[in-house]
Amino acid sequence: KKYPNLRYYQGYHDVAVTFLLVVGEEVAFAVMEELSTNHFSECMQETMDATQKRLMFIWPLVDLENSHLFQFLQQSAVGTLFALPWYLTWFGHSLNSYKDVVRLYDYFLASPIYMPIFVTAAIILYRAEDILKVDCDMASVHCLLSRVYAF
């Protein structure tokens, strides 16, 4: 009600419940208010256009470090949809370990707003060898990349 311009997105509750469990209701509400009006504000718009634009920042980072991998990913037409749940939930929906999730949340809270993009690019680069082994088509690459724990 306080921010009528912000919209709920699928996965927002994953972030909120994590803070609720760690710091309690009062502090979690304050943290989520801050995140909603800053870090996640683009994700909470009527459309996901701004979020999709932000996810596109993954590619220059990958290209800078591994142009062969970048070309492979572009040729596969995988896009950035595999990374959407990672970004929207700060990996909270994609990691199996609560300990890993809260550690990442601490890191992201103490980091610049683009850090989840940098972490996503780092995961892709780390998995380059496995990625380059799959068929260069959208389905194969997306299937591999959509699983954080495939390495």
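How many disulfides does a search of the whole structure find? The search finds zero, where a disulfide is a pair of cysteine sulfur atoms within 2.5 Å. Before I go on, a word on the source: this is a predicted model, in which local features need pLDDT of at least 70 and side-chain atom pairs count only at pLDDT 80 or more, while totals for chains, interfaces and linings use all residues. Residues are numbered from 1 along each chain as its sequence is written, and side-chain values use heavy atoms, with hydrogens and water left out.

Staying with the cysteines, the sulfur of Cys136 has its closest cysteine sulfur in Cys143, 15 Å away, which is too far for a bond. Cys136 counts as partly exposed at 30% relative accessibility, and Cys143 is also partly exposed, with a relative accessible area of 41%. For these words, buried means under 20% relative accessible area, exposed over 50%, and partly exposed in between, with a 1.4 Å probe and protein chains only.

Let me turn to helix 1, residues 12-23; helices here are DSSP runs of H or I with at least four residues, strands are runs of E with at least two, and both are numbered from the N terminus. Helix 1 has twelve residues and reaches 17 Å from its first C-alpha to its last, close to the 16 Å expected at 1.5 Å a residue, the expected span being 1.5 Å times one less than the number of residues. Its buried residues are Tyr12, Asp14, Val15, Thr18 and Phe19, and these pack against helix 2 (25-37), helix 6 and helix 7, with contact meaning heavy atoms within 4.5 Å. After helix 1 comes Gly24, with a positive phi near 90 degrees.

How do helix 1 and helix 7 pack, in angle and in distance between their axes? The angle is about 95 degrees and the axes are 11 Å apart, where axes are lines fitted to C-alpha atoms, for helices over the stretch in contact, and angles run from 0 to 180 degrees between N-to-C directions. The two helices are therefore roughly perpendicular to each other; angles under 35 degrees count as roughly parallel, over 145 as roughly antiparallel, 65 to 115 as roughly perpendicular and the rest as oblique. From helix 1, Asp14, Val15, Thr18, Phe19, Leu21 and Val22 meet Tyr98, Val101, Val102, Tyr105 and Leu109 of helix 7. The residues of this contact divide into nine nonpolar, one polar and one charged, with Ala, Val, Leu, Ile, Met, Phe, Trp, Tyr, Cys and Pro counted as nonpolar, Asp, Glu, Lys and Arg as charged, and the others, Gly among them, as polar.

A second pair is helix 4 (residues 58-65) and helix 5 (residues 67-76), whose axes come within 5 Å and cross at roughly 135 degrees, and which are therefore oblique to each other. Trp59, Val62, Asp63 and Glu65 of helix 4 make this contact with Ser67, Leu69, Phe70, Leu73 and Gln74 of helix 5.

Finally, some single residues. Ala77, in the loop between helix 5 and helix 6, has a positive phi of about 60 degrees although it is not a glycine, and Ala77 is exposed at 53%. Trp90, in the loop between helix 6 and helix 7, likewise is not a glycine and has a positive phi, of about 55 degrees, but Trp90 is buried at 2%. Leu84, in helix 6 (residues 84-89), counts as buried at 17% relative accessibility.
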